[in-house]
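Notes go down in the order I looked things up.

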Amino acid sequence: MAASTDHGLRKIVWKRIKDTIITDCRKSEVWKIMILDPFTTKLLSSCCKMSDLMAEKITIVEDLFKSREPVPEMKAIYFMSPTAKCVDSFIADFKTNPKYKAAYVYFTDYCPDDLFNNMKLYCSKYIRVCKEININFMPLEAQVFTCDSPEAFQSIYSPRSQDKEKTRRDWQTNSLKIIRTYYEYSFHKFKKKWGGASKNTKLPPFSAISFATFCLQGKTQAQLLILERGFDPVSPLLHELTYQAMVYDLIDIQNDTYKYKSKDGSEKQAVLNEEDMLWVRLRHKHIAEVSEQIPKMVKEISASKKQPDGKITIRNLAEMMKKMPSIRKQLTEKTAHLQLAEDCMQCFSNNVEKLCKAEQDLAVGSDVEGLKVKDPMRTLLPVLLYPYSTQDKIRAVLLYIFSLGGTTDENLSKLIQHLLLGFISELAGDYFSSLQPSLFTRKPSRRDRSQEETYNLSRWTPVIKDVMEDAVENKLDTKDWPHQSECPAAWNGSGAVSARQKSKITQEERRSGSRLIVFVLGGICFSEMRSAYEVNQAVKSCEVIIGSSHILTPTSLLNDIKALSKGPMETFTIEERSNA
């Protein structure tokens, strides 16, 4: 399990678990077993470590769905999702030969009556506690959460989805539960001014679903914005050149773990999470800055230990670790990131650099000099004619169509047939038919960022950053946000400042001020996560949190789109990552 953190959402969720599950169990001095399903295993791993559980007299953690040895003298804590599969597994543990002395049952969310009644029928004499604690999300980072529900994309956009409006409203309700959980430990009053549509009103499919204002603990104000993925189809498709986004796009990262080989051939791995402070420090920086900073850090260490100067390589670091065991941990951490940054730069040099210029021109609608792209096809053709990977070409075609605000089936068909890319046709057709019409209307009112310092290949700014900045400045356009309630008066005068201006507000002072929570149904990408941190740093006395049904990478988004297809697509396979 991951180590616990001292700040942010992970700390809040762990405190919530301690105040409910752990407090109930603390009344008994008996050592206990904890039984988890796959979701609660991820949830608990995201906010605590095994030693935290041991300190609370939880000695064993086991999988609900795996075969387990009976321990009739011990009590068991069941932390699970309210699903038929989980409840049936729980009942099986007690129906005939009870595996444990007693059960403390905690559901992540509301348990349907039929499931609850089944438990009551077969297991009532063994159940000591049964509670719903309303934690149906996972804290991914200090300011990012996910509900680990990638199926949400299909529920909203699939032509076969039966009740899209109900799905939207269910997620609207889930978002409110998340906010209640997030602030429950600290608020005395919870008043809601809801700006959503009435029950019989059809929600606009690709603008804001809703806008809510909450009153928390005196004058503290919080806003919740709920959007769908269609509000910005461009950001998840671009090759992003900041460290975290680049890593998850171009490198094979499984379960947040980077695996690599050291110079002696041994297998190494590094977990990319907030326990790695170097990762936290570098993840939102441009890869050019990362490539400069890591060798500089290593040189500082070698200088402090009076090591000879020279080019920093993986081999040199290995030699330093042999000579200086006392700094092994520091150097091991930096070695992993040096290797990871080198891998990213290798991908960039091979293919990505050439792709980025075309992608940025199509996304922004102008070139580096600020001249409007008059003929997007001239920008697209070099990408399609060059031997890039299939995935990269699909991304470019999608960006081209978005740059035009859509295209006809006839034009798309001609383009595909001419380039012998027939596998794109069904993919693109389903996606575009599912996401019309709003995706094909380019947002005319983007913020002017022409004076901001930026890299030539990183000119695009995610739309969600504009939304966040408009929200904290009370400038959300009622045309785009038709269901918004009155903005909190406490936000007036707390507008955004330049991202280059360092805010001196502490984390505790920020938490006592206003809060903005943005939830995106259908997935968020890493550049949008970064935007939340940037706005958080640039806005005085405001905490910004972003969450989603799930986290997107370009590959996972294209696979989501592929699954929208009505027919079989045996000839089409999405590659795991760009060929570099």
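Predicted model: local features only at pLDDT ≥ 70, side-chain atom pairs only at ≥ 80, totals over all residues.

Residues are numbered from 1 along each chain as its sequence is written, and side-chain values use heavy atoms, with hydrogens and water left out.

**Entry: the whole chain**

I counted 20 helices and 14 strands; these are DSSP runs, helices being H or I with at least four residues and strands E with at least two, numbered from the N terminus. Of the 580 residues in the chain, 55% are buried. I looked up contacts next, meaning heavy atoms within 4.5 Å. Among contacts with a separation of 6 or more, 75% join residues 24 or more positions apart. The accessible surface is about 27,000 Å², and 50% of this belongs to carbon and sulfur atoms; such areas come from the Shrake-Rupley method with a 1.4 Å probe, and for residues only the protein chains shown count as cover.

**Entry: Ser366**

Where does Ser366 sit? I found Ser366 in the loop between α12 (328-364) and α13 (376-385). Setting aside neighbours within four places in sequence, Ser366 is in contact with Gln360, Asp361, Leu371, Lys372, Val373 and Arg459.

**Entry: Val87 and helix α4**

Val87 belongs to helix α4 (residues 84-94). Is Val87 buried or exposed? Val87 is buried, because its relative accessible area is 1%. Not counting residues up to four places away in sequence, Val87 touches Phe107, Leu115 and Met119. I checked one of these pairs: Val87 and Leu115 are 28 residues apart in sequence and 6.7 Å apart in space, C-alpha to C-alpha.

Then I looked at the helix pair. α4 and helix α5 (residues 113-123) pack at about 5°, with axes 10 Å apart, so α4 is roughly parallel to α5. Here axes are lines fitted to C-alpha atoms, for helices over the stretch in contact, and angles run from 0 to 180 degrees between N-to-C directions. Under 35 degrees counts as roughly parallel, over 145 as roughly antiparallel, 65 to 115 as roughly perpendicular, and the rest as oblique. From α4, Ala84, Val87, Phe90, Ile91 and Phe94 meet Leu115, Asn118, Met119, Tyr122 and Cys123 of α5. I also looked up the spacing rule: an α-helix has 3.6 residues a turn, so residues three or four places apart point the same way.

**Entry: Tyr258**

Tyr258 lies in strand β11 (residues 257-261). I mark Tyr258 as buried because its relative accessibility is 2%. Leaving out residues up to four places away in sequence, Tyr258 touches a list including Ile251, Ile253, Lys268, Leu272, Ala336 and Asp343. Tyr258 and Lys268 are ten residues apart in sequence and 8.3 Å apart in space, C-alpha to C-alpha.

**Entry: helix α8**

How many residues of helix α8 (residues 243-250) are buried? I got eight of its eight. Among them are Tyr243, Met246, Asp249 and Leu250.

Definitions and conventions
Buried < 20%, exposed > 50% of the residue type's maximum accessible area, 1.4 Å probe, protein only.
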